[in-house]
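I set out to record what I looked up in this structure, entry by entry. The sequence and the model are shown first.

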Amino acid sequence: MSHLDPGAATAAPTDARIHAFDHLRALAMLSGVLFHAALAYSPLLHGFWPTADRTQSAWIDAFAWCLHLVRMPLFFAVAGFFTAGLIARRGMGGLLRNRVRRILVPLLVAWPLVHLATSASTRWAVAEVAHPSPFLSMVREWLAMPNPPALPPSTGHLWFLYYLLLFTLLAWVGRTLGWGSGLARAMRMPPQRFALLIPLLVAPGFLLTTTPHPAPESLFPQFWALALYGPFFALGTALHGRIDWLKPLHRWLWPALFACGLAYAIFLWQLSNFDAGDWSRHAPASTALLQALIATWGTLVCLLAGLRWLARPRAWLGYLARSAYWTYLLHLPLLFALQYRMLELELAWPAGLLLSVGLTLAVCLTSYELLVRRTRLRHWVG
Amino acid sequence: MTRQLNWPIIRLLMIKDWQLFQKQLAAYLLAGIVSLGFLGMAKPWAFYIGSLLLIILLVAIACFAISTSLLVERKEQTLAFVMSLPVSPLDFTVAKLAGNLLTFAVPFLVMALFTAIIVFSTPLPDGLVVLAALIFGHVLVAYCIALTVAMQVESEGWNVFVMIGSMVLINPFLMVIGQMESVQTVVRGNAVVWHAPVLAILAAQVLTGLACLAFATWSNGRKPAFY
């Protein structure tokens, strides 16, 4: 049995194309482990990331920000696709019940646990690590103050669950207010033209935030995040039942990939001129447009590639798809605990990255096997 | 004499109200997300727009639920159709009360929760929670009074007057509590202190609200006929 997105149906997919989206969702989520692990070696994030290592590499920035620009847009596009599927199969009530069970409950349970685990390992690192990251040093200074400032509450890396809930509510709003027909009309547009227009739709989201865009971890909905990920979610919902709409784009796969590469090279060049310490800087329009182009075309490329190469069921991909949700929930506190300990080791960044990702995935997959796969927990996070 | 409530019918009546409400509620939900988005911008101007929008929304939801489910129904003679169902006046009263309270309580509690989060998670003084609780208490009691009057009075004019009047009274209420020492001293500080006068007002608000609802249930439930 293949599981779809967090909150999606647990029913087996009925056609090969769903397998493709299922696998894409898993890869988008699991690439998050790689992304978060890589940030420890990012020169751009060195001053801010809690587990920032002494060794850094510009290659990490080149890799990580590309992943960052595509993986969550892809995730939300796939989530939108499965949301529309759930509405089609079970109706709005079924969708809401499913989202409560598969998103709201896991969010409410995992949130405090993740927060406690991450805080505990950070407190340990602040007290024990001999080679602290700049962030840990800053926390040490804070703690030495008579009235240390408290960090505002945030959703942490579980922000995607919060936004999935928001998008579910917005899907209900859109459906109730009859916006579905507008979306259907938009999909009558030739996909080539749509592909040219959609970066313009996404660009305001990038324009409203800093570059590179952060995770919208605030407890309040962030306009930029809604404007950035909302169109992808809407695209996903519009694609449900119309997957053939993407067909004319298949011959654009390689040119689009090349265009994304070119746009990303220019973006990296722009990024290299940024002051790494100035994270309050909002993107100029040209950078926002470049990011929108990479995010949209990159997502379309991933969808096309998924439909071409990931459409057939494969046991290992199916297993990853089922375990991805649990892995993603669990990975960050584990990764932080590991990387805090690795701050003491003098490892080259490729070894550190490989070790932290490997160990984190090993623990997550083992715990999935032991705690989730054959237990009732699979109904919530399996 | 005790009467068995017809829960399947009550449920159906509530579903009917929900189906009538949902378009407007969807619009309110969208406005709620937008206003929370303004608050999330963490800028003074956005805070004022967001909080103002939230209060307007709260008042609008309170008035809208009463207006759609009671006043419009009365005007459009929907009651005549309801009377053709196997439903007693008590069933009808319970359905109306429960449907209305649900429509109001969900956004009310969500907004109260987010208001507390705003206060505690931003540099705003935590003592503002006391003022916020009193304002929410006022909206609650105004809603309960308006709902009770709407269920009792046959006049649409009086209903609208009470609905708007009780909500507009928020201004003099704010002026009065703003001058109370037990509120003034707390709202500017970071300690959340519930002084006795504040607790007394909150208790009075809750008790008044409950008394209104109890009266509405008792008064409508004992009617032998719908009119």
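**Conventions**

I noted that this is a predicted model, in which local features need pLDDT of at least 70 and side-chain atom pairs count only at pLDDT 80 or more, while totals for chains, interfaces and linings use all residues. Residues are numbered from 1 along each chain as its sequence is written, chains are lettered from A and ligands numbered from 1 in the order in which they are written, and side-chain values use heavy atoms, with hydrogens and water left out.

**Core**

I looked up the largest nonpolar core and found 160 residues in it. Such a core is a set of buried Ala, Val, Leu, Ile, Met, Phe, Trp, Tyr and Cys residues joined through side-chain atoms within 4.5 Å. Buried means under 20% relative accessible area, exposed means over 50%, and partly exposed lies in between, with a 1.4 Å probe and protein chains only. Phe76(A) and Phe160(A) have the most contacts inside this core. Its largest share, 21 residues, comes from helix H2 (residues 58-128) of chain A. Helices here are DSSP runs of H or I with at least four residues, numbered from the N terminus.

**Interface of chains A and B**

I then asked how many residues each chain gives to the contact. Chain B gives 20 residues and chain A gives 17 residues, where contact means heavy atoms within 4.5 Å. The area buried between the two chains is about 1600 Å², and carbon and sulfur atoms give 86% of that area. Buried area is the accessible area (1.4 Å probe) that two parts lose on being put together, summed over both. Leu29(B), Leu30(B) and Ile33(B) supply 30% of what chain B buries against chain A, more than any other three residues.

On the side of chain B that touches chain A, the elements giving two or more residues are helix H1 (7-40) and helix H4 (89-121) of chain B. H1(B) gives the most, with 15 residues. By class, this side has 15 nonpolar, 4 polar and 1 charged residues. Ala, Val, Leu, Ile, Met, Phe, Trp, Tyr, Cys and Pro count as nonpolar, Asp, Glu, Lys and Arg as charged, and the others, Gly among them, as polar.

**Single residues**

I located Gln222(A) in the loop between helix H6 (191-207) and helix H7 (223-239) of chain A. Gln222(A) is buried, with a relative accessible area of 14%. Not counting residues up to four places away in sequence, Gln222(A) touches Tyr163(A), Pro216(A) and Gly40(B).

Pro212(A) also lies in the loop between H6 and H7 of chain A. The peptide bond from Thr211(A) to Pro212(A) is cis, with omega near -10 degrees. I noted for context that most peptide bonds are trans.

I placed Leu53(B) in helix H2 (residues 44-75) of chain B, where Leu53(B) is partly exposed at 27% relative accessibility. Apart from neighbours within four places in sequence, Leu53(B) is in contact with Ala31(B), Val34(B) and Ser35(B).

I found Leu169(B) in the loop between helix H6 (156-168) and helix H7 (170-179) of chain B. Leu169(B) is partly exposed, at 48% relative accessibility. The C-alpha atoms of Leu169(B) and Ala142(B) are separated by 8.6 Å, and the two residues are 27 residues apart along the chain.

**Salt bridges**

How many salt bridges does the structure hold over all chains? I recorded 6.

Arg25(A) pairs with Asp22(A), the closest N and O atoms being 3.9 Å apart. These two are 3 residues apart in helix H1 (residues 16-38) of chain A, so about one helical turn separates them. Arg25(A) is buried at 1% relative accessibility, and Asp22(A) is buried at 0%.

Arg54(A) forms a salt bridge with Glu346(A), with the closest N and O atoms 4.0 Å apart. Arg54(A) lies in the loop between H1 and H2 of chain A and Glu346(A) in the loop between helix H10 (315-342) and helix H11 (349-372), so the pair ties together parts that are 292 residues apart in sequence. Arg54(A) is partly exposed at 37%, whereas Glu346(A) is exposed at 74%.

Asp17(B) forms a salt bridge with Lys16(B), at 3.2 Å between the closest N and O atoms, and both residues are buried.

Terms used
A salt bridge is a side-chain nitrogen of Lys or Arg within 4 Å of a carboxyl oxygen of Asp or Glu.
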